[in-house]
Amino acid sequence: PSELDTEKARKYFAKAINVGYMKKEDSNYKWMYGGEKGQARLGYFCNKIYSSPRPINKLEEFFGVNIHGKHLGNQWLVTNADNEAKRADVKKWRNEMNNNIFND
């Protein structure tokens, strides 16, 4: 969708695909990184790429995450992604994502 197609998104989507965090499926993408906890990681990824107000509905549709009552627009997934990580596991995966994708 045009709302998601930015130079920054193209750059970081390519990096995320390259490291195996997501894959292209038909005309959409599937987030792979994190298993059951992957939606928080996807929220962090989108937060780093898109400025507020983020195209949350388009992102949910694009990644197919509006299932089982879990929404990308949930405060925990996107809004809290701006907050400093306090838990060791969150610090670890955020550092990994920053080093593998947002390292420029």
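## Terms and model

Helices are DSSP runs of H or I with at least four residues, and strands are runs of E with at least two, both numbered from the N terminus. The structure described here is a predicted model.

## Confidence

The protein chain has a mean pLDDT of 85, with 86% of its residues at 70 or more. Among the elements of the chain, helix α1 (residues 7-18) has the highest confidence, with a mean of 96. The lowest belongs to helix α3 (residues 56-63), at a mean of 87. Where pLDDT is low, the predicted coordinates should not be read in detail.

## The hairpin of β1 and β2

Strands β1 and β2 run antiparallel and are joined by 4 bridges. Within this pairing, Lys23 has Lys30 in β2 as its bridge partner. The hairpin has 2 residues between its strands.

Asp26 is located in the loop that links β1 (22-25) with β2 (28-31). Is Asp26 buried or exposed? Asp26 counts as exposed because its relative accessibility is 75%, and the cut-off for exposed residues is over 50%.

## The loop between α2 and α3

Which peptide bond is cis? The bond from Ser52 to Pro53 takes this form, with omega near -5°. Pro53 is part of the loop between α2 (38-49) and α3.

Note on methods
Residues numbered from 1 in each chain as written. Predicted model: local features only at pLDDT ≥ 70, side-chain atom pairs only at ≥ 80, totals over all residues. Heavy atoms only, no water. pLDDT = per-residue confidence, 0-100. Buried < 20%, exposed > 50% of the residue type's maximum accessible area, 1.4 Å probe, protein only. Pairing = 2+ DSSP bridges.
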